[in-house]
Amino acid sequence: MESSSTASLAPLVSAAWLAAHLSAPDLVVLDCSWYLPSSGRDADAEYRARHIPGALRLDLDAISDSTSDLPHMLPAAPDFAAVMERMGVRPSDRVICYDGSGVNLSAARAWWTFRIFGHRDSAVLDGGFPAWAAATRPVQRGVITRPPTGYRVPELDRAMVRDRRAVEVIAEAYGPTQIVDCRPALRFEGKADEPRAGVRRGNIPGSINLPFTELTDEATGVMRSPAALRKLFEAHQIDASRPIVALCGSGTSAAGLALAVEVLRTSNDGPVGPPVAIYDGSWTEWGKV
């Protein structure tokens with residue numbers, strides 16, 4: 001598939017790197033924060049109160065399929081392009097996604113969405129807004145806007161997404177493709193209720209549990225080193241060189257695994273394998289009662 005830009009960004013950039021490149025005319029920073037309703041946090045209000053200077057607000061719901069009864073499903077390509085046009089994002093821009101969670105709760109999903117629509121020159125801010133603010137770097141209040149611009153209708157890379165039927169086939173085959181569930185362990189094990197009504201407890205047969213919070217350092221929120229990720233994957237019996245389909249509650253935090261595998265693949269002596277695909281309907285679809 002043709003990319004909308006020539007990828008030059010690593011999948012992760014540090015707060016120091018962003019500070020040094022923040023004034024670049026082709027750099028767009030997006031606050032992609034999203035939280036479960038039970039968190040008690042208001043992502044829009046937090047953005048208006050404090051964000052990285054020049055950052056635009058990108059609500060995940062704006063780049064989700066509004067016609068689906070499942071949360072955060074991928075939008076149609078023309079709808080994604082229309083949102084980018086309204087926001088003033090150009091296909092040639094380098095896009096940096098961040099969130100305020102400190103664990104890549106939603107920024108990775110935005111990054112994955114850009115990549116699946118061919119905008120490969122995109123990255124996640126390692127550690128998110130907490131990493132930026134920790135060094136008392138400047139912050140900005142209010143809402144930032146940019147003039148609308150053109151954005152060609154992209155082509156979706158279908159190798160990076162799976163639907164329910166495809167996952168059913170994988171689960172039944174017990175073949176080379178690994179299904180990795182990134183929900184917290186208690187939810188995966190069926191010991192805790194799902195946060196959404198009408199969704200049962202449990203997991204997909206044959207799936208492996210790797211909670212997305214384990215991919216980042218608990219103290220700093222930054223992604224674990226490639227060496228630490230290798231050990232983590234080995235401990236969970238995940239082979240990053242083999243195909244992986246990731247899921248979570250709604251396909252949001254599962255993108256953190258896609259990001260971690262990309263970090264590992266682009267490191268020195270990283271495993272050669274396909275990008276992680278995401279089961280877009282995730283457990284909300286599979287576990288519907």
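The model is predicted: local features need pLDDT of at least 70, side-chain atom pairs count only at pLDDT 80 or more, and totals for chains, interfaces and linings use all residues. Residues are numbered from 1 along each chain as its sequence is written, and side-chain values use heavy atoms, without hydrogens and water.

Start with the open sheet. Its five strands run in the order β6-β10-β9-β7-β8, with parallel pairing. Strands β6 (161-162) and β8 (208-209) stand at the edges with a single partner strand each, so one side of each has no neighbour in the sheet. Strands are DSSP E runs of at least two residues, helices H or I runs of at least four, numbered from the N terminus. Two strands pair if DSSP finds at least two bridges between them. Strands β7 (178-181) and β9 (244-247) pair over four bridges. There, D181 stands opposite L247 in β9.

Now the rings. Phe, Tyr and Trp (its six-membered ring) pair with centres within 6.5 Å; planes under 30 degrees apart are stacked, over 60 edge-to-face, the rest tilted. The count is five aromatic pairs. Y98 and F129 are stacked, 6.1 Å centre to centre, with 25 degrees between the planes. Y98 lies in strand β4 and F129 in helix α5, 31 residues apart. Ring pairs also link F80, F114, F117 and Y151 into a cluster.

Finish at P25, in the loop between α1 (15-21) and β2 (27-31). Contact means heavy atoms within 4.5 Å. Beyond neighbours within four places in sequence, P25 is in contact with R90 and D93.
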